[in-house]
Structure formats: C-alpha cells, structure tokens
Amino acid sequence: KTEPEVKVILYQGLPKSDKMDWIVQKTVELGIYKIIPVITQFSVPKIRAKDTERKLERWNRISLEASKQCGRVVVPSVSEPVDYEAALDHWSSIVKTRPAGSSMAVFCYEGESKKCLKDLFKCYNINCVSLIGVFIGPEGGFSSDELHLAGVHGISPVSLGRRTLRTETAAIVVLSVIMHEMSEMLT
C-alpha cells in the first residue's frame, strides 16, 4: 500500500553538481514513478558518454536505497538523459495511447503570470487522472524557445508562486502538491 495510484513521470532539467542525486532520493521518497533527466538549453553539465553509465548506475542505486528506506514496493527507474525535444516527444507518445482526461502535464515556468499549479488542478477531473508528467527546468529555467515548443506539444506553463525556486526545490514542491491533491499523502 505504499505505491501511489497516480503515476508521476519527472522530466528533470539536468542540474549542476550532485543536485540530481538529491532530486532522485527525495522524489522517490515522495512517490515518483519514473525520472527522466533532460538536457535543455540552459543545462550546464555536459555528460560524456563514458560518464553516463556511471551516473545512471549511481542514480538508480540512490533510487533503490530510497525505495528501501521508505518501504516502496516498486523501485522507480532513472532513464538515460535525453534532449528536451525527445522528452516532449516521449510525453506526447504516452498521452496519445491513453483515454482523454486521464493524463496531465505540469510545465513549471518562472515567467508564467496567469496560471498557477492550483489552477491547473481545477482544469481536470482529478479522479480520472492517473498519469502526470512534470517538467522542471535546470538552473536558469526553460528558454523561451523551449516554452514555445512545449506549447506546440499542447503543454501549458504554470507558475509555482511569486518566488523563484531552485530546480531541486521545485521538483519536491510540485510532487508534494500533486500527491496532496491526489489524496496520496494522507491515506
């Protein structure tokens, strides 16, 4: 009974230093389903092919340990980093195979001033949503070109409030709000 009914896929902009380790650990504790590191225009780290395997092993080991610690049955996987367009295509291909209204995307954009995360939940019948894609940018957020491309894929931006959050904080905040809204925190 530790696995959430809603499946949340985190498309995380690749952050600097060891922040991804922390993001993996905390999102697994909160109930993430899958983590896909994303290389965006503002991603600082450039992972070389030889380092990718080592980092993937580390992130998946962190996921396993966090799963054990919090009593999860399923160990969320951390995928190989993909470029931004591939992440959007991945999400779009999943959505096409699902019934209408059963999935929603959360695209966090610090420049959004009209729609906040709370508003997004009002747009959906929460009881029907079983899959959520969360897009979080790296340090520096998403570029205006990336924002436009998200819109082409039918994904609208949301604000996380008046304060700009660090990338590692944004992932934790969004997942916490989702789990709360989906009644996954108190059951």
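A residue is called buried if its relative accessible area is under 20%, exposed if over 50% and partly exposed in between, for a 1.4 Å probe and protein chains only. The model is predicted, so local features need pLDDT of at least 70 and side-chain atom pairs count only at pLDDT 80 or more, whereas totals for chains, interfaces and linings use all residues. Residues are numbered from 1 along each chain as its sequence is written, and side-chain values use heavy atoms, with hydrogens and water left out.

**Exercise 1. Classify the ring pair of Tyr 11 and Phe 135, and say where its two members lie.**

Solution. Start from the criterion: rings of Phe, Tyr and Trp (its six-membered ring) pair if their centres lie within 6.5 Å, and planes under 30 degrees apart count as stacked, over 60 as edge-to-face and the rest as tilted. The structure holds 5 aromatic pairs. In the pair of Tyr 11 and Phe 135 the centres are 4.5 Å apart and the planes make an angle of 5°, which is a stacked arrangement. Next, locate the residues, taking helices (H or I, at least four residues) and strands (E, at least two) as DSSP runs numbered from the N terminus. Tyr 11 belongs to strand β1 (residues 7-13) and Phe 135 to strand β6 (residues 131-136), so that the pair links distant parts of the chain, 124 residues apart. Finally, both Tyr 11 and Phe 135 are buried.

**Exercise 2. Explain why the pair of Phe 107 and Phe 142 counts as stacked, and what the pair ties together.**

Solution. The ring centres of Phe 107 and Phe 142 are 4.4 Å apart and the planes are at 20°, so this pair is stacked. Because Phe 107 lies in strand β5 (residues 103-108) and Phe 142 in the loop between β6 and α5 (144-152), the pair ties together parts that are 35 residues apart in sequence. Both Phe 107 and Phe 142 are buried.

**Exercise 3. Describe the largest nonpolar core and the elements that supply it.**

Solution. A nonpolar core is a set of buried Ala, Val, Leu, Ile, Met, Phe, Trp, Tyr and Cys residues joined through side-chain atoms within 4.5 Å. The largest such core has 36 residues, and those with the most contacts inside it are Val 8, Val 106, Ile 132, Val 134 and Ile 178. At least two residues of this core come from each of β1, α1 (19-30), α2 (49-70), β5, α4 (117-122), β6 and α6 (167-181), and α6 gives the most, with 7 residues. Apart from this core lies another, of 17 residues, among them Ile 36, Ala 87, Trp 91 and Ala 150.

**Exercise 4. Where does Ser 102 lie, and what does its side chain reach?**

Solution. Ser 102 sits in the loop between α3 (84-96) and β5. With a relative accessible area of 7%, Ser 102 is buried. The side chain of Ser 102 reaches the backbone oxygen of Pro 99 at 2.7 Å. Taking contact to mean heavy atoms within 4.5 Å, and leaving aside neighbours within four places in sequence, Ser 102 is in contact with Cys 128, Val 129, Ser 130 and Leu 131.

Methods:
Polar contact = N/O pair within 3.5 Å; in protein donor to acceptor, adjacent residues only side chain to side chain.
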